[in-house]
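Please go through these notes with the model open beside you. They are numbered for reply.

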Amino acid sequence: MAESVPSKFQGTSPVDIPIVDLSNPNEDLVARAVVKASETWGMFQVVNHGVPIELMRRLKELGTEFFELPEKEKEAVARPADSTDLEGYTTDYKKDGEGRKTWADHLFHRVWPPSRINYRFWPKNSPDYREVNEEYAKEIKKLSEKIMGWLSEGLGLHRDALKEGLGGEKVEYLMKIIFYPPCPKLELLYGAPHHTDLNGITFLIADEVDGLQAYQDNKWVDVKYDDSGIVVIIADQIKRMSNGRYKSGEHRATMDMVRTRLSWPVFAEPNLDHVVGPLPELVVDDAPKFKPYVYREYKFLKMNKLPLEIETTPLPLLLDAGKARGRRRREICYIFLMVSLALSQSSRLVSCFALTQSVSLDLVPSKLEQTFVVSAQVFKTTGTASFTGVSRKSCTRSTFHLLPYSEFALHMCFRLSQERVA
Ligand SMILES: O=C(O)CCC(=O)C(=O)O
Ligand SMILES: [Fe+2]
């Protein structure tokens, strides 16, 4: 008899991620379980969480119906090509550093706070879509604040410390519906590669096809859930606010050979202008392990796989940049290093670094003009940082290298300018 072939990647670990039953009347015990899971895994599943199961079922049904619509109808809520935001429908095919591709269609739309909702990106296929999503947003916000409350107390702080650190009532909840098509060649594709989420905390539900895996003790653990559980993933900003006490859960999504899979993560995240760093009370006795970031900048750096701790450890990061895989990534690293150095070093050092970096990053000087323009375009698409007055004409090799510090800073005003490349 033929051996049965698994239709998805299987994790290598027999253990399961922690499960916390929120209906346990002993709240102390529940809080301790949440804190422990966040310290050790950065990920756990909550059951009996109070979010109505029927509401979750309906949310999934409506999202599934949207992805079953003809492409043309889905495009009614497409992400505009020139958008600097994630909201809208996209179909996405990416290649990661190891040559393995990821492929999934997404729909992003904010669900909270009401002032940040743009209904233009909400599907119109069912009259219930709006009500169900609004109701779900309220439930997830309640759950999120409860969990952040326990996590704050676990740090010896008042209940609202983490919520306030993330922006208080301005915290945004971003719904993402992911549609993973079947993938006959599992070795070629991932749904989502190995990563940590860049927001504060994530709440994920999915359909009946398993696919989410957690990385723990160098092994991949399959996350098993049914209709009733919600997977909670501690993300980067809670890790940073807690000065590293809580872990940012490492995870990935695999695909299935024969079945489609859908998942619904909701990302709780700061407003783009909000600054997040280790909470001040936690760095009285301990040194801060992370530097504070305006969330917009953090998001930009992480999404472009750029170094995040450059101010505290410049040298190793310069070397890391040199090792960055792929020309485009090296180019972005290169320009980023130039900007960072320009802001912190003298003009002589900047040009000197520019030259050595162009050698160690394998960028021949004749490519510099192109590099500059490529990077400017990256900034333009994401809209998260900007240059003033940079054009292909103004960045010939000589002007690029000989700009005095003041002018260099003016041209590459990384943090201050609001103007985008024309
Ligand atoms: O689909 C999943 O289970 C995981 C998705 C995910 O990790 C993400 O979108 O950040
Ligand atoms: Fe994720």
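1. M43 touches I17, P18, A37, L212, A214, V223, V231, V232, I233, E250 and H251, leaving out residues up to four places away in sequence. Contact here means heavy atoms within 4.5 Å. M43 sits in strand β2 (residues 43–47). Helices (H or I, at least four residues) and strands (E, at least two) are DSSP runs, numbered from the N terminus. M43 counts as buried because its relative accessibility is 0%. Buried means under 20% relative accessible area, exposed over 50%, partly exposed in between (1.4 Å probe, protein chains only). C183 is 140 residues from M43 in sequence and 27 Å away in space, C-alpha to C-alpha.

2. On conventions: this is a predicted model, where local features need pLDDT of at least 70, side-chain atom pairs count only at pLDDT 80 or more, and totals for chains, interfaces and linings use all residues. Residues are numbered from 1 along each chain as its sequence is written, chains are lettered from A and ligands numbered from 1 in the order in which they are written, and side-chain values use heavy atoms, with hydrogens and water left out.

3. Now the chain totals. The protein chain has 13 helices and 15 strands. Of its 422 residues, 52% count as buried. Take the contacts with a separation of 6 or more: 75% join residues 24 or more positions apart. The accessible surface is about 20,200 Å², and carbon and sulfur atoms hold 55% of that. Areas come from the Shrake-Rupley method with a 1.4 Å probe; for residues, only the protein chains shown count as cover.

4. Which residues have the most contacts inside the largest nonpolar core? They are Y136 and I147, in a core of 60 residues. Helix α4 (residues 129–154) gives the largest share of this core, ten residues. A nonpolar core is a set of buried Ala, Val, Leu, Ile, Met, Phe, Trp, Tyr and Cys residues joined through side-chain atoms within 4.5 Å. A second, separate core has twelve residues, M43, L204, A214 and V221 among them.

5. I147 belongs to helix α4. I147 counts as buried because its relative accessibility is 0%. Beyond its neighbours within four places in sequence, I147 contacts V34, F44, V46, I201, F203 and V232. L162 lies 15 residues from I147 in sequence and 9.9 Å away in space, C-alpha to C-alpha.

6. Next, the ligand. Around ligand 1 stand K176, I178, Y180, H195, D197, L204, L212, H251, A253, R261, S263 and F267. Each has a heavy atom within 4 Å of the ligand. This shell divides into six nonpolar, three polar and three charged residues. Ala, Val, Leu, Ile, Met, Phe, Trp, Tyr, Cys and Pro count as nonpolar, Asp, Glu, Lys and Arg as charged, and the others, Gly among them, as polar.

7. An N or O atom in the side chain of Y180 is 2.6 Å from an oxygen atom of ligand 1. For H195, a polar side-chain atom lies 3.1 Å from a ligand oxygen. For H251 the distance is 3.0 Å. The protein buries 96% of the 290 Å² that ligand 1 exposes when taken alone. Strands β5 (172–180), β12 (251–253) and β13 (261–269) are the elements that give two or more residues to the shell.

8. Last, helix α7 (residues 295–303). Its buried residues are Y295, E297, Y298, K299, F300 and L301. Just after α7, K305 takes a positive phi of about 55°.

Conventions:
Polar contact = N/O pair within 3.5 Å; in protein donor to acceptor, adjacent residues only side chain to side chain.
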